[in-house]
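Biologist: Before we talk through this chain, could you set out the terms as we go, and tell me what each label rests on?

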Amino acid sequence: MSNSAPPVRAPRRDATANRAALVEAAKTLLQRDQDASLEAIAAAAGLSRRAVYGHFPSRDDLVREVVTAGAQRVLGAMPSTADLVDLPPASRLAVIAVTLWSEVTHVRSMARIAVHEPFVATVAAVFEPLRAQVREACALGIADGSMRDDVDAATLGRLVEGACLAVLDEATRSGTPDDAGHRMVVVSALGMAGVDWRTALLAEPTVTTTDTAPAAHRTGPEDRA
C-alpha cells in the first residue's frame, strides 16, 4: 500500500485567469481613481464582488498585490551598485531620483497609493536595496563634506526619501509635466541633502529614451568648488 501524498492540484485555468483579471482591473481603475471600490474592480474584471473573495480576503489584499508587483518592477529598473560606483555622491542621488521618477511618472496615482498606509511597510521592504544605495550615497557625501553633516546617513537617507515623495504628491496633485517633475525631484532630493539648488541642477542626469538608467554627469557639486 502506497503512503505517498496525493499530487497537489494546480489552480484551475479559469481561477488563475480570474485572479489575473482582478489584478489588471485594479491597476487600471486605481490609476484613474485611488478610491475605486471593490465592486467597481470586480465589475471591470467581469466578476461579482463575491467572486473576489475567492482570491483576495479584502480590497487591501488585492491592492497590496498590485503595489508589490509594481514596486518590484520599479526596483528592477533602478541602477545597480556597479552603475553608481564611479559617481560622486550627489550624482548618485540624482541618478536614483531621476530613474525612480521616470519609472513612476506615468502611474503617479498608483505610486501615491503604494507609499502611504496601509501599504508603505510592504513597499519599503521591497525597496530596501534601493534605500541602502541612498544611505550609502549620503554616507559618502557626509564623509567628503559635499552634504550636510548635522544628521547621520540613515536619517539623511530618510529625509531625502521624504523629499522625493513630496515631489510625487505635488506633481500628482498639480499635474506637473514630466520634465518639470524630473527637475523638481533632483533639486528636492539634493536640496534635502544640503546641496544648493543651482548646484543640484548641474548634477541632473541626462534622460534617455532607452530602457537603461539615465546617464549621469561624471562630476558632482564637490568637483566644482
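Modeller: Contact means heavy atoms within 4.5 Å. With that cut-off, and leaving aside its neighbours within four places in sequence, threonine 172 is in contact with Arg108, Ser109 and Arg112. The model is predicted, so local features need pLDDT of at least 70 and side-chain atom pairs count only at pLDDT 80 or more, whereas totals for chains, interfaces and linings use all residues. Residues are numbered from 1 along each chain as its sequence is written, and side-chain values use heavy atoms, with hydrogens and water left out.

Biologist: Where is threonine 172 found, and what separates its C-alpha atom from that of arginine 112?

Modeller: Threonine 172 is found in helix α10, residues 153-174, where a helix is a DSSP run of H or I with at least four residues, a strand is a run of E with at least two, and both are numbered from the N terminus. The C-alpha atoms of threonine 172 and arginine 112 are separated by 8.2 Å, although the two residues lie 60 apart along the chain.

Biologist: How many helices and strands does the chain hold, and what share of its contacts links residues 24 or more positions apart?

Modeller: The chain has twelve helices and zero strands. Among the contacts with a separation of 6 or more, 64% are accounted for by residues 24 or more positions apart.

Biologist: What makes α6 roughly antiparallel to α9?

Modeller: Helix α6 (residues 89-104) and helix α9 (residues 128-144) pack at an angle of about 155°, with their axes 8 Å apart. That angle makes α6 roughly antiparallel to α9, because angles over 145 degrees count as roughly antiparallel, under 35 as roughly parallel, 65 to 115 as roughly perpendicular and the rest as oblique. The axes are lines fitted to C-alpha atoms, for helices over the stretch in contact, and angles run from 0 to 180 degrees between N-to-C directions.

Biologist: How do the residues of the contact of α6 with α9 divide?

Modeller: The contact is made by residues including Leu93, Ile96 and Leu100 of α6 and Val134, Ala137 and Cys138 of α9. Its residues divide into nine nonpolar, two polar and three charged, where Ala, Val, Leu, Ile, Met, Phe, Trp, Tyr, Cys and Pro count as nonpolar, Asp, Glu, Lys and Arg as charged, and the others, Gly among them, as polar.

Biologist: At what angle do α6 and α10 pack, and which residues make the contact?

Modeller: α6 and α10 pack at an angle of about 35°, with their axes 12 Å apart. The contact is made by Leu93, Ala97, Trp101 and Val104 of α6 and Val160, Cys164, Val167, Leu168 and Ala171 of α10, and these residues divide into nine nonpolar, no polar and no charged.

Biologist: How many disulfides does the structure hold?

Modeller: The structure holds zero disulfides, a disulfide being a pair of cysteine sulfur atoms within 2.5 Å.
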